[in-house]
Amino acid sequence: MAQRFVGLLTAGGDCPGLNAAIRGVGKAANSLDTQVIGYLDGFRGLVENRFIRLDSSRLSGILTLGGTILGTSRDKPHRMPAGELGTVDMRPFAVANYENQHLDCLVCLGGGGTHKNALRLMNEGLNIITMPKTIDNDVWGTDVSFGFDTAMAIATEAIDRLHSTAESHHRVIVVEIMGHNAGWLTLGAGIAGGADVILIPEIPYDVEKVAEAVLHRSYAGKRFSIVAMSEGAMTTEEALRGTLEHGKDDDDDSDDAIPVGHVIESVSMRLARRLEELTRLESRVTSLGHLQRGGGPSPTDRLLATQLGTTCARYIVEERYGVMVAIRGGHCVPVPVDQVAGKRKVVPLDHPWIESARLVGTSFGD
Ligand code: F6P
């Protein structure tokens, strides 16, 4: 059996667990007579032919490291920024570099946008396998993405810590949590941290209802409240007007949209201001931002990334191309990339987490 050659890249926002996944693919592939090269800085490294060899020395000592040893970017091969030229379609360079390296397959680790880019390259003839990574947990077709568990733990710890200061000062604290247009991270951390109000994009909120929930606690002698708010949360009016104000980019790639609210007035700052007006209770904002993506992966994410990575190596040897390695019910399964690309897994309104939260008295502002 001839030796195989595989390229691997990490694209979109980084997250804890990427290095564990690179290690899983690399170590398992090397043991199956397959050499792996890692392209630097996402798809940009592929079109510019910048890579490193992922031999055993590069794969050692990275299981617990945060970020990605390969670097990442949100660049798309079909619309690569090129200075004064604007953007250029660099797909022919990606194809040429793949062929010149005699690659059997390209492994892409990423979220929503990465899956769209991977499909575009699949349509140019490349053999592709993907793996779902993102703290947002919004990749369609998999129960969970690696990075989510770690980010949820970080956000939960933040809510835990905010409790004591909110209580001491009798304040309302609105904590803004990432997650793009999906509420998984806020919902999970909000429930685990015991937030009093949870606002997610899937359930548009009414600011008066949020104020009511806060005042209700205040009348009951609980002189502080924690509001866990998704960066993509929207009021019922905003939901009716459409999602334009929430910063969807023109290509709707969840790997690269940055909510416009962060530049002008964040959703959490706006809410805190309104809550102060409506309740007369002092309100503060904590935006967790990129802290949620920093640092090493949790044990659960290390396990998941290793399981997905080593299964990916098996798929490479079996020439099972055009699929994402997903996890369902604890088992890895192949899901066609063309089914994943362009879809987003949002929180279903009948999700058991929502039911449990409501039963312990959490308000969703609806
Ligand atoms: O997709 C991961 C994510 O952290 C989102 O939750 C967030 O909206 C976005 O990336 C932030 O992007 P950037 O790191 O480019 O500011």
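Author: Partly exposed means a relative accessible area between the two cut-offs, with buried under 20% and exposed over 50%. Keep in mind that this is a predicted model.

Reader: Okay, so is W353 buried, partly exposed or exposed?
Author: The relative accessibility of W353 is 33%. Buried needs under 20% and exposed needs over 50%, so W353 counts as partly exposed.

Reader: How many aromatic pairs turn up in the whole structure, and which residues form the one with Y39?
Author: Searching the whole structure gives 2 aromatic pairs. In one of them the ring centres are 5.8 Å apart and the planes sit at 75 degrees, so it counts as edge-to-face, and its members are Y39 and F51.

Reader: Where in the chain do Y39 and F51 sit, and how many residues apart are they?
Author: Y39 belongs to strand β2, while F51 belongs to strand β3 (residues 51-53).

Reader: Why is the pair of W184 and W353 called edge-to-face?
Author: Their ring centres lie 6.2 Å apart. Planes over 60 degrees apart count as edge-to-face, and here the angle is 80 degrees.

Reader: Which helices hold W184 and W353, and how many residues apart are they in sequence?
Author: W184 is in helix α7 (residues 184-192), and W353 is in helix α13 (residues 352-359). So this pair ties together parts whose separation in sequence is 169 residues.

Reader: What sits over the ring of W184?
Author: W184 itself counts as buried, at 7% relative accessibility. Over its ring, 5.3 Å from the centre, is the charged end of K345.

Reader: Which residue lies over the face of F224?
Author: The distance to the F224 ring centre is 5.0 Å. A charge counts as over a ring if it is within 6 Å of the centre and within 35 degrees of the ring normal. The residue here is R217.

Reader: How many disulfides does the structure hold, and which cysteine sulfur is nearest to that of C15?
Author: The disulfide count is 0. C15 is in no disulfide, and 15 Å away is the nearest cysteine sulfur, that of C108.

Reader: Which side chain does D75 make a polar contact with?
Author: D75 is found in the loop between α3 (56-59) and β4 (80-81), and at 15% relative accessible area it is buried. Residues it touches include F43, M80, P81 and N117. The polar contact, at 2.7 Å, is with the side chain of R44.

Reader: What is phi near for D33?
Author: D33 sits in the loop between α1 (18-31) and β2 (34-39), and it counts as partly exposed at 37%. Most residues other than glycine have a negative phi. In D33 phi is positive, near 60 degrees.

Reader: And what is phi near for H102?
Author: H102 is in the loop between α4 (91-100) and β6 (105-110), and at 61% relative accessibility it counts as exposed. Its phi is also a positive value in a residue other than glycine, near 55 degrees.

Methods: Residues numbered from 1 in each chain as written. Predicted model: local features only at pLDDT ≥ 70, side-chain atom pairs only at ≥ 80, totals over all residues. Heavy atoms only, no water. Helix = DSSP H or I, 4+ residues; strand = E, 2+ residues; numbered from the N terminus. Buried < 20%, exposed > 50% of the residue type's maximum accessible area, 1.4 Å probe, protein only. Polar contact = N/O pair within 3.5 Å; in protein donor to acceptor, adjacent residues only side chain to side chain. Contact = heavy atoms within 4.5 Å. Disulfide = S-S within 2.5 Å. Phe/Tyr/Trp six-rings, centres within 6.5 Å; stacked < 30°, edge-to-face > 60°. Lists of a residue's contacts leave out its neighbours within four places in sequence.
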